[in-house]
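Colleague: I have a model open on the screen and would like to learn how to read it. Could we take a few features in turn?

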Amino acid sequence: MDTAKGVAKNLKFILASELILAGLKFVSRRVFVIALGKEYLGLNGLFTDILSMLSLAELGFGVSVTYSLYRPAAQGDTQLIKSLVRLYRRVYQAVGGAVLAVGLALTPFLGVFVKEMPEGIPDIPLLYALSVVNAGVSYFWSYKSTLLFVYQRKYIDAAVRAAVALAAAGAQAAALLLTHNYAYYLGIAIAATLVQNAVVSAWTDRLYPFLRERDVRPVPAEVLGEIRRNVGAMVLHRVGAVAVFGTDNLLISKFVGIEITGLYSNYVMIRGLLNMVISALSNAVMPALGKLSATAEVEEKRTAFRRLNFCAAWLFGWMSICLLCLYDPFIGLWLGEGYLLPPETVALIVANFYVTSMRVPVANTKSVMGLFWDERYKSVLEALVNLAVSAALAQRWGIAGVLAGTLVSTVSMPFWIEPLGLYRHGLEQPPGEYFARYFFYLAVTAAGGAVTKLLCGMTPEGAAGFLWKLLVCMAAPNIICLAAYRRLPEMVFLKDLLLQAGGANRKG
């Protein structure tokens, strides 16, 4: 498949899938709140963070194998692909078993993770065990979706996921409204996970019949050595990522209370939907970026990164402004005023979203270049800083202290270490250009946010006011970005790309 066409097709299907899933999640959360209430929301958020810690069993193996698949996929080396996929299968079966074993072993210790276990929820150990089973079985066939990703056919996985999620959401909503039983909700989730993975697995086998061949050679020693080295580095990256981004609900549950965890989970869900869009864009672009990394000269890689970083800065800045201005009005309409958090907490949620999202272009570029090793200890130090600062501040400021700790740990270490590693080992130039552009993009975002917030403050409350705020957020930040970025070479490239896409659509 042509690279540009592959990116475009993946992008269309994945974004459509994510929009469907986003709509389903909002409806499902509304039904969840009506049927079960705040305490169940908090319990669900607690389970999510515990399961994210269990994902450490994956050890970053998936990222390492994906990197190893780019070159044989580009060269048509099916023998090596078969070898890597068999290795991937064996490791992920072991990971699924480990998640089940360790997760279920934690059942007697759930009380350690919360300030006070809710008394109004029966059978909490059973509910937790069902959540663990859903997480564990997700590993058993999911490795095949990686091959669709590498071959720029992620749209197949996206379509299957959307179809299964649509059916599951309908069944879950009916189960909650008719029975008010969270166990049924989780049981349907397990069934949906099994169906989705089985369908994707069968589809992948049909597209790539060589996967069913029995003559599979061992992975060559040099490739296996590279994977082991990358996994060794990714273990530390995974530990850091989970400790920084997967423990907020645990800390809030422990130091503040499970009901506040439930309120925070609604903000996280909305932020998570934007993260899914970001992930969809990354999934559409990364295979092409991986091919470029494997075949292009360093100057082409520099140009590609500048363009990627520019587009990301505009998108993430606009998303952050939208969150700042629309978070509370939307949640107030969606769930009610009783589900809102204080303004300073919302501001910290948005700040964390922005600084974390701005790491994505660097992280994705480093991933396709295989730059995992040199920063392996950074993630562990970041995690220690996050946990120490968050726990200390949580006892003073509550949920705001937890979020402030996450922001401090991100700004103090990965903000400068990650781009330094990319520029030194991947782009082979000083990183001063990156930081100059970062602060320029940040200044434009701050100006756009101040103007947009001011304009939104002039709109009325209620549903009509929310629509006016939405229109302001669509227009004001982008007008400011257009004015600030109009002379940049990356803006000229983006304009030409959009014109070409428009012309192609008219011809089609």
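Colleague: Is S390 buried or exposed?

Modeller: Bear in mind that this is a predicted model. Burial is read from relative accessible area, and under 20% counts as buried. S390 has a relative accessible area of 0%, so S390 is buried. The residue belongs to helix α15, which covers residues 378-397.

Colleague: Which backbone atom lies 3.1 Å from a polar atom of the side chain of S390?

Modeller: That is the backbone oxygen of V402.

Colleague: Is R29 buried or exposed?

Modeller: R29 has a relative accessible area of 11%, so R29 counts as buried. R29 is part of helix α1. The side chain of R29 makes a polar contact of 3.5 Å with the side chain of S265.

Colleague: What does an intermediate case look like?

Modeller: Take M117, in the loop between α4 (78-105) and α5 (124-137). Its relative accessibility is 28%, and therefore M117 is classed as partly exposed. M117 also shows how sequence and space can be read side by side: M117 and L43 are 74 residues apart in sequence, with their C-alpha atoms 9.2 Å apart in space.

Colleague: How should I read a pair of aromatic rings?

Modeller: Two values describe such a pair, the distance of the centres and the angle of the planes. In this structure the count is 30 aromatic pairs. One of them is F310 with W314: the ring centres are 6.0 Å apart and the planes stand at 75 degrees, so this pair is edge-to-face.

Colleague: Which residues do ring pairs link into a cluster?

Modeller: The cluster consists of F305, F415, Y423, Y434, F435, Y438 and F439.

Colleague: How many cavities of 30 Å³ or more does the structure hold?

Modeller: There are 5 of them. The second largest cavity contains about 80 Å³ of space. Its lining includes V355, M358, R359, F415, Y434 and Y438. F415, Y434 and Y438 also belong to the ring cluster.

Colleague: Which element gives the most to the lining of the second largest cavity?

Modeller: Helix α17 does, with 4 residues. By type, the lining residues divide into 9 nonpolar, 1 polar and 2 charged.

Colleague: What is the volume of the second largest pocket?

Modeller: About 580 Å³. A pocket is an open set of points, whereas a probe in a cavity cannot get out. The second largest pocket has 20 lining residues, and F26, I270, L274, C322 and L326 are the ones nearest its centre. The elements giving two or more residues to this lining are α1 (3-35), α11 (258-295), α12 and α19 (462-485).

Colleague: Which of those elements gives the most to the lining of the second largest pocket?

Modeller: Helix α12, with 8 residues.

Note on methods:
Residues numbered from 1 in each chain as written. Predicted model: local features only at pLDDT ≥ 70, side-chain atom pairs only at ≥ 80, totals over all residues. Heavy atoms only, no water. Phe/Tyr/Trp six-rings, centres within 6.5 Å; stacked < 30°, edge-to-face > 60°. 1 Å grid on protein atoms, 1.4 Å probe; cavity = no way out; pocket = protein on both sides within 12 Å on 5 of 7 lines; lining within 4 Å. Points joined across faces, edges and corners; volume = space filled by probe spheres on them. Buried < 20%, exposed > 50% of the residue type's maximum accessible area, 1.4 Å probe, protein only. Polar contact = N/O pair within 3.5 Å; in protein donor to acceptor, adjacent residues only side chain to side chain. Nonpolar A, V, L, I, M, F, W, Y, C, P; charged D, E, K, R; others polar.
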